[in-house]
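Hi,

Here is the structure I said I would pass on. Have a look at it first, and then read my notes below.

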Amino acid sequence: MRILSLNAWGGMLHGPLLDWLPTVDADVICLQEISRAPSARGQWLTYRDGAVELQQRAHLFEEIAAALPGHDGIFAPAARGLLMDGDTPRWQHFGLASFIRKELAVTAQALDFVHGGYSPDGFGDHPRPRNAHCMRLCDHAGGSPVTLTHLHGLRDPAGKHDTAARAVQCDRLIELIGRVRRPGDRLIVCGDLNLLPDSRTFAHLQEHLGLADLVTGGGFDDTRTSHYTKPGRFADYMLVSSNVGVKRFEVVAEPEVSDHRPLLLDLG
C-alpha cells in the first residue's frame, strides 16, 4: 500500500498538482487545504484575511476527483466562508479530502472535529475549526488492516509552540482513532500538523498509541518548498506504529506542487 499526504495549498499550484497526482500511483491520498465552491462561476476565488491575500481554486476537489478516476473521494469541510469571485462574494467550503483506490475496502471510518466545530457562517477567528478523518482499510495484498488518520492541525498566529488548545486537539485525536482502530491494526497518522518537532503532542502520541514520526526520525529537516519563505521548515509529519513495515518513506522535494512537500510512504 502506498500512502500520500499533502497540504494542497488551496490549489495555488493546481496545474503541477493535477499533473503529478496520477503519476504517484498512491492507494490512499490524504489532502489538506482543499477548497470547494459550488456556486462559483470562475476558476479562482480571492481569499482575504487581514493583510493576507491568496488565490484559491474554486473547484479543486472536483478537479482532483477528475484526475483520479480510479479513486473514491471524500470531502470533509471544516468551515464555510465568503471569498470573492471577481466582484461577487461566493461561499467556499474548506477542509480535508481523502481519495481511496476503489480496490481497497473501507471497513470503518469516523470523521470529527479535533478543534472547535463546523463553522457555517464564516471562517471566524484563529485558531479556526479543524477536523480529522480516520479510516480502517482492508489491505488485501498486505495482510493486517491499516487504520489511517489525517488532519490539518490548528493554526495559531502566535506560532507552532505547545498550547492548551493543541493539548486538547491531541486528546480528541486519540479518542477519534479509538473509535475506529481494532487491536493489532497497523496505525498511521499524517498531515500538516502545524507543530514544532519537539511538541509534547508527539510524546503523547507515542505514550498512548505507540506512534513514532518518520520525518524527524528519518533525519529530514524540511517539509516546505521554495514557495514558503518564512522561517521554520517543519509542518508535515507521518507517524506510524511499531507494527508498520516501512518499505520506503520520502519527503518529496521535486516537483513542487504546493508550498508544502508531499510525504510518501510505501508499506512493506
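**What lines the cavity and the pocket**

Two helices, α3 (164–180) and α4 (200–209), each put at least two residues into the lining of the largest cavity. Keep in mind as you read that this is a predicted model.

Of those contributors, α3 gives the most to that lining, with three residues. How many cavities of 30 Å³ or more are there in the whole structure? The search turns up one, and the volume of the largest cavity comes out at about 70 Å³. If you want to click through its lining, pick L151, G153, Q169, C170, L173, V189, L193, L195, T201 and L205. By class, that lining has seven nonpolar residues, three polar ones and no charged ones.

Now for the open space. The largest pocket has a volume of about 1100 Å³. It is lined by 44 residues, and E33, L54, R155, R224 and K230 are the closest to its centre. The elements giving two or more residues to the pocket lining are the strands β3 (44–49), β4 (52–57), β5 (71–85), β6 (88–101) and β8 (130–138). Which of the elements gives the most to this lining? That would be β6, with four residues.

**How the helices pack**

The crossing of α3 past α4 is right-handed. On the α3 side the contact uses R166, C170, D171, L173, I174 and I177, and on the α4 side T201, H204, L205, H208 and L209. Sorted by class, this contact has six nonpolar, three polar and two charged residues.

H14, L17, L18, L21 and P22 in α1 meet L60, E63, I64 and A67 in α2. The classes in this contact are seven nonpolar, one polar and one charged.

**Backbone spots to check**

Some background for this part: most peptide bonds are trans, and most residues other than glycine have a negative phi. With that in mind, these places deserve a click:

- H126 to P127: the peptide bond is cis, with omega near -5°. P127 sits in the loop between β7 (105–115) and β8.
- E254 to P255: this peptide bond is cis as well, with omega about 0°. You will find P255 in the loop between β13 (246–251) and β14 (263–267).
- D25: phi is near 60°, which is positive although the residue is not a glycine. D25 belongs to the loop between α1 (14–24) and β2 (28–36).

Cheers

Key. Residues are numbered from 1 along each chain as its sequence is written. This is a predicted model: local features need pLDDT of at least 70, side-chain atom pairs count only at pLDDT 80 or more; totals for chains, interfaces and linings use all residues. Side-chain values use heavy atoms; hydrogens and water are left out. On a 1 Å grid over the protein atoms alone, a cavity is a set of points where a 1.4 Å probe fits but cannot get out, and a pocket is an open set with protein on both sides within 12 Å along at least five of seven lines; lining residues have an atom within 4 Å of a point. Grid points are joined across faces, edges and corners, and a volume is the space filled by probe spheres set on the points. Ala, Val, Leu, Ile, Met, Phe, Trp, Tyr, Cys and Pro count as nonpolar, Asp, Glu, Lys and Arg as charged, and the others, Gly among them, as polar. A crossing is left-handed if the near helix is turned anticlockwise from the far one by less than a right angle, and right-handed if clockwise. Contact means heavy atoms within 4.5 Å.
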